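New to this one and wondering where the labels come from? Let's go through them one by one.

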Amino acid sequence: MSEITTDSAGQKITNPLHIPVKSDENVVLSIADQAAWLLSARPAFELQQAEQISFLAHLTQSPLTLNQHFNVLQLPAADLVHYAYSIFKHSGCLIVVPTVNLAQWYLYLTTIMHNHSPENHYHNWYHAVHVLLNCYRYVYPLLSQLQPLDIFALLLAALNHDLDHCGISNTALINQVDPLAVKYHKVSPLEQHSIDRALEILNDEAHGTALLQAVIQPNNNGAPVTNNEHNAAKSRVIEIFRNSILATDISRTVDHEAILTHYLTFHNHLDYTDSNQCLQLLTIILLCGDIGCVCEPFYQSMQWCGRLYEEMQCHRNSRQSNDIAKVVFQPQSSLENDQGLYYSLDNKLILPPSGSLSEYYTNQLKFLEYYAIALYARVSEPPSCSLGHLSPYTTRLRQNLIQLAHSYFLYEPSLGVLVKTLTSFSSPS
Ligand SMILES: [Zn+2]
């Protein structure tokens, strides 16, 4: 749970919702109070306005997949609660939880926001909402083919996939024999922890956030939903939830290849009535959505990459150690210029906020080429396949790779490490 804390100068530094608090006390408002505040501050007309103007303008413009004018990082954290709700609503999937009202939704989403650490520069509430948005972009052309229950599960998984992330990689947790690694027997501890924590909240009646208790598979005849039908709907949500979130552990290279290879055997003639094929499709969508930040326009993608690198630098040691200065994440860091970039003094080079420059560039370039482009290219070809609409993202990724490489060479043209990689791409014009 996020707490309202003070920095070394005693100033209040984290209050992502800008909720009024008594400054002389270390007050932590209850989730219910915060949800009530949000609702009172966001009257219905504003909700509609946001949906009709901001949200729909961002999402329904053509081409949907390559809208360049929207950056999650520019919104206040509280607006992302609002925005996340808008995505669920816009998708039409809320019919699977017909008894959950708006107040309960805000309560749930606020709880999820507070279960993301503001000390993480990357694995935070902004990333959660960004992945939700990415997954919605990717599933949008398939909405009419998929069951609302499956769409609901995908969107929930996207929002929860890094819940309560501690800012350290699985490998580091395992090497340090961290309690989380022990608990989950060294198998994807971060993802398993997020799943367990998310299911806890989804079932938590005390907070009025028991969304899973309300899930049904809507039937066309309006007949009452039986207990069996309710249980089947709940199991389906959990199945999609578990499978897709576990797949986001990118260190499980073997599993990844198996998941991808299996999906590619049917993706060009996907049978949308086959629940297993749909499950694989949704898993791939979350896998892509999780790294979707690198497909954003170059400067936006660099904002995200810089944050991930910064988080790795901050938390490289044990999560138990207190010798690391914890810096609360800010959407617009003071390290950035007004374009959100880390620049060198000559204004030519994009710099990581800290750490080794060549390590930063090498990691980014390798990640783009060998992981991101490879994944997007494989799942979006041929154009007639289920995710053929992702091919513009592959193009964007290649452009970003070239631009990043160009920036790197401005810094150190004599470095030969990446020459082989780079010569296969043309220089940016
Ligand atoms: Zn993630």
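**Reading the labels**

The UniProt annotation "binding site", from an unreviewed entry, covers His-127, His-161, Asp-162 and Asp-290. They are spread over 164 residues of sequence, yet they cluster in space, with a largest C-alpha distance of 9.9 Å. Keep in mind that this is a predicted model.

Q: Why is Asp-162 called buried?

A: Count the neighbours: Asp-162 has 26 C-beta neighbours inside 10 Å. The cut-off for buried is 20 or more, so Asp-162 counts as buried.

Q: Where does Asp-162 lie, and what is Asp-162 in contact with beyond its neighbours within four places in sequence?

A: Asp-162 sits in the loop between helix 6 (148-160) and helix 7 (170-175). Leaving aside those sequence neighbours, Asp-162 is in contact with His-123, His-127, Ala-128 and Ser-194.

Q: Which residues is His-161 in contact with, leaving aside its neighbours within four places in sequence?

A: The list is Val-131, Ser-194, Ile-245, Thr-248, Leu-286 and Asp-290.

Q: What makes Val-177 exposed?

A: Val-177 has 10 C-beta neighbours inside 10 Å. The limit for exposed is 12 or fewer, so Val-177 counts as exposed. Val-177 lies in the loop between helix 7 and helix 8 (179-183).

Q: And why does Lys-186 count as partly exposed?

A: Lys-186 has 16 C-beta neighbours inside 10 Å. Exposed stops at 12 or fewer and buried starts at 20 or more, so Lys-186 falls in between and counts as partly exposed. Lys-186 is found in the loop between helix 8 and helix 9 (189-202).

Q: What is there to say about phi in Val-177 and Lys-186?

A: Phi of Val-177 is near 50°, a positive value in a residue other than glycine. Phi of Lys-186 is near 65°, again positive in a residue other than glycine. Why mention that? Because most residues other than glycine have a negative phi.

Q: What kind of peptide bond joins Glu-381 and Pro-382?

A: A cis one, with omega at about -5°. Pro-382 is found in the loop between helix 15 (357-379) and helix 16 (391-411). The bond gets a mention because most peptide bonds are trans.

Q: Why is helix 6 called roughly parallel to helix 13?

A: The axes of helix 6 and helix 13 (residues 275-290) come within 10 Å and cross at roughly 30°. Angles under 35 degrees count as roughly parallel, so that is what helix 6 is to helix 13. Their crossing is right-handed.

Q: Which residues make that contact between helix 6 and helix 13?

A: Helix 6 brings Asp-150, Leu-154, Ala-157 and Ala-158, and helix 13 brings Cys-278, Leu-282, Ile-285, Leu-286 and Gly-289. By class they divide into seven nonpolar, one polar and one charged.

Q: Which residues meet where helix 11 packs on helix 13?

A: Glu-239, Ile-240, Asn-243, Ser-244 and Ala-247 in helix 11 meet Leu-279, Leu-282, Thr-283, Leu-286 and Leu-287 in helix 13. This contact has six nonpolar, three polar and one charged residues.

Q: What does the secondary structure of the whole chain come to, and how much of the chain is buried?

A: It comes to 17 helices and zero strands. Buried residues make up 38% of the 429 residues.

Terms used. Residues numbered from 1 in each chain as written. Predicted model: local features only at pLDDT ≥ 70, side-chain atom pairs only at ≥ 80, totals over all residues. Helix = DSSP H or I, 4+ residues; strand = E, 2+ residues; numbered from the N terminus. Contact = placed C-beta atoms within 7 Å. Axes fitted to C-alpha atoms, helices over the stretch in contact; angles between N-to-C directions. Parallel < 35°, antiparallel > 145°, perpendicular 65-115°, else oblique. Left-handed = near helix turned anticlockwise from the far one by under 90°. Nonpolar A, V, L, I, M, F, W, Y, C, P; charged D, E, K, R; others polar. UniProt positions renumbered as here; feature names shortened; annotations may be inferred.
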